[in-house]
Amino acid sequence: MKTETIVILSQREIDKMRRAGHLAAQLLKHLEPMVKPGVTTQQLNDEAERWTQAHGAKSAPLGYKGFPKSICTSVNEVICHGIPNPKQILKDGDIINIDVTPILDGYHGDTSKTFLVGNPSPKAKKLVEVTEECLRLGIAEVKPGAKIGDIGAAIQEYAEAQGFSVVRDFVGHGISNIFHTAPDIPHYGTRGKGKRLRPGMVFTIEPMINEGTWEVEVLSDKWTAVTRDRKLSAQFEHTIVVTEDGVEILTQAEDNS
Ligand code: MF3
Ligand code: CO
Ligand code: CO
């Protein structure tokens, strides 16, 4: 439980978040063509690290609470916090979430996508599509006066109606010059509950949606979170800011303003 107060960012800080977010989105786009059968998750990590440094940024995950690599690579039953590994070779039919967080000029851009490797099963494709739609529906709830619970409720209603489950153990988070801060943003919950959203709040929405049980197990490496039933899990993430009249996605490659 995060007890800190929720920070309202200044226009200057939001500009920095936008630049970091833009870089994060560009990094995911840069990695996408590498996601093919035969590539290792370590190769994805190393290219992410090289590209991040070349753009004057740092990889927030590297050394964060002891995390050993620059990005998270979460394959198939891995929910999140998968550790890149030179022995892990992607194969046709896998799904992989790549989660990147460059720090640019002191501010974090946190975004992730789940990619298809070759041609996964129809069920895997549906899970990935539903998860992306969950993120879209969660973002669509964001405007001044809405409640944090509205976001999770929209995500949970859709995911469960599609026959999938929502992970409880990991949530979205406030983010700025600090990687993880208040508020928590659960991807399940009840409309009308939780804190009120105000302009200048910046946080992530990052639903993790499972094919089977929502229950999590963390492997002996202390990071890799997998589904207890070892069925598939997918995730998409954006960093967003509450604006005067709604929401702006900060982790976009194209400027939509
Ligand atoms: N990027 C992840 C998130 O969305 C956090 C990764 S923390 C790490 O919050 F230490 F695993 F990198
Ligand atoms: Co995040
Ligand atoms: Co992330």
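Tutor: Let's start with a count: by the rule used here, there are two cavities of 30 Å³ or more. On a 1 Å grid over the protein atoms alone, a cavity is a set of points where a 1.4 Å probe fits but cannot get out. Grid points are joined across faces, edges and corners, and a volume is the space filled by probe spheres set on the points. The model is predicted: local features need pLDDT of at least 70, side-chain atom pairs count only at pLDDT 80 or more, and totals for chains, interfaces and linings use all residues. Residues are numbered from 1 along each chain as its sequence is written, chains are lettered from A and ligands numbered from 1 in the order in which they are written, and side-chain values use heavy atoms, with hydrogens and water left out.

Student: What does the probe tell us?

Tutor: Rolling a probe the size of a water molecule over the atoms shows where empty space is left. Here, the largest cavity has a volume of about 50 Å³.

Student: Which residues line the largest cavity?

Tutor: A lining residue has an atom within 4 Å of a point. Among them are Ile6, Val7, Leu9 and Val202. Strand β10 (residues 181-185) gives the most, with three residues. Strands are DSSP runs (E, at least two residues), numbered from the N terminus.

Student: How many charged residues are in that lining?

Tutor: None; seven are nonpolar and two polar. Asp, Glu, Lys and Arg count as charged; Ala, Val, Leu, Ile, Met, Phe, Trp, Tyr, Cys and Pro as nonpolar; the others, Gly among them, as polar.

Student: What about pockets?

Tutor: A pocket is an open set with protein on both sides within 12 Å along at least five of seven lines. The largest pocket holds about 590 Å³ of space. Its lining has 26 residues, and Tyr64, His81, Phe170, His180 and Trp223 lie nearest its centre. By class, 12 are nonpolar, five polar and nine charged.

Student: Which molecule takes up the space of the largest pocket?

Tutor: Ligand 1. A molecule sits in a pocket if more than half of its atoms lie within 2 Å of its grid points.

How values were computed. Helix = DSSP H or I, 4+ residues; strand = E, 2+ residues; numbered from the N terminus.
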